[in-house]
Amino acid sequence: MNYNLILKKPISTAQATINVELRTHAGLTKLLIDALYALLEIRKDEAGFIQFARQNYDLKVTGKAVDPICLLLVKTIFMGTGGKTDMRRWHGLLATALRFLEEKVPEIPDNHLPRYVHHLGGVSGCAKAWRKAHAPDPIERERKKLRRIQTFLNDIGTIGFEAPAANGNTVLVLNKEDDRKSREALTQQPGRIVLVGDIDENANLSNLRIIIRDQDEITRLLERKSLAVNDNAKTDTISDEEAA
């Protein structure tokens, strides 16, 4: 596959856009559409394009991206402009807009693409539309968060053991002779610790775990909490004075 030929038009458009500083909807829209046609060809041999970009421009995509091929294409297009203007801040935005437009290709005639992009609000509008269409479901996001937390807690051993109290409730015991492991866990690193535990409707505490030992992190946490409390106290005082 002749990638130089495929990239010729979008690189030329990028060069023209930079030369005349045409950072307008029209200039970037033309660049986006030229890149789209190049992308559709590149999809036929993505591995070949990855190799081409690395061999010719020493480019690769690392880390997270909406679509690695889209981002690699955008980086390659601007690498070919000779570096006259730093367009790196546009890379992610253009790649996201490009991926959105690729999804819409089957629905939109070629001659309607410029108007469609303009109607959405240009490159930024296309990127925003992609993020909105692919935003994770909030309920599922919450479930994933809870599963992640539970997995984290499962890997942290509990301290102490549960014993029945006089009123029939269960209490967590940390200071018995046969509970040496719990005391060793607590005193492993002298200083402040942050614990997390489970409490039920009867106020029974269980599954106590040490989740933070880092003294600097604990200090920062306490500072944030103390600031919040102080700010609330000031607000309450002001409200009381106003009421008086």
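**View 1. Thr 76 lies in helix H4 of a predicted model.** With a relative accessibility of 0%, Thr 76 counts as buried, because the cut-off for burial is under 20%. Setting aside residues up to four places away in sequence, Thr 76 touches Leu 7, Ile 11, Phe 49, Ala 53, Tyr 57 and Leu 59.

**View 2. Helix H3 packs against helix H4.** H3 covers residues 46-57 and H4 covers residues 68-79. Their axes are 11 Å apart, and the packing angle is about 35°. The crossing of H3 with H4 is left-handed. From H3, the contact is made by Glu 46, Phe 49, Ile 50, Ala 53 and Tyr 57. From H4, Ile 69, Leu 72, Leu 73, Thr 76 and Met 79 take part. By type, the residues of this contact comprise 8 nonpolar, 1 polar and 1 charged. Thr 76 of View 1 is one of the H4 residues in the contact, and among the residues that Thr 76 touches are Phe 49, Ala 53 and Tyr 57.

**View 3. The largest nonpolar core has 41 residues.** Leu 32, Leu 73 and Leu 98 have the most contacts inside this core. Two or more residues each are given to the core by H1, H2 (25-42), H3, H4, H5, H6 (113-120) and H7 (122-133). H2 provides the largest share, 9 residues. Leu 73 is also one of the H4 residues in the contact with H3.

**View 4. Leu 98 touches Leu 32 and Leu 73, among other residues.** Leu 98 is one of the buried residues of H5.

**View 5. Helix H5 runs from residue 88 to residue 104.** Its 17 residues, at 1.5 Å a residue, should span 24 Å. The buried residues of H5 are Trp 90, His 91, Leu 94, Ala 95, Thr 96, Ala 97, Leu 98, Arg 99, Phe 100, Leu 101 and Glu 102.

**View 6. Glu 103 lies in helix H5 and is in contact with Trp 130 and His 134.** Those contacts leave aside the neighbours of Glu 103 within four places in sequence. Glu 103 has a relative accessible area of 34% and therefore counts as partly exposed, between the cut-offs of 20% and 50%. Glu 103 and Trp 130 are 27 residues apart in sequence, and their C-alpha atoms are 9.4 Å apart in space.

**View 7. Thr 13 is found in helix H1, residues 3-19.** Its relative accessibility is 8%, so Thr 13 counts as buried. Not counting residues up to four places away in sequence, Thr 13 touches Lys 30, Leu 31 and Asp 34.

**View 8. The whole protein chain has 10 helices and 4 strands.** From the N terminus on, the order of elements is α-α-α-α-α-α-α-α-β-β-α-β-β-α. The chain has 244 residues, of which 31% count as buried. Of the contacts between residues at least 6 apart in sequence, 59% join residues at least 24 apart.

Notes: Residues numbered from 1 in each chain as written. Predicted model: local features only at pLDDT ≥ 70, side-chain atom pairs only at ≥ 80, totals over all residues. Heavy atoms only, no water. Expected span 1.5 Å × (residues − 1). Buried < 20%, exposed > 50% of the residue type's maximum accessible area, 1.4 Å probe, protein only. Contact = heavy atoms within 4.5 Å. Axes fitted to C-alpha atoms, helices over the stretch in contact; angles between N-to-C directions. Left-handed = near helix turned anticlockwise from the far one by under 90°. Nonpolar A, V, L, I, M, F, W, Y, C, P; charged D, E, K, R; others polar. Core = buried A, V, L, I, M, F, W, Y, C linked by side-chain atoms within 4.5 Å.
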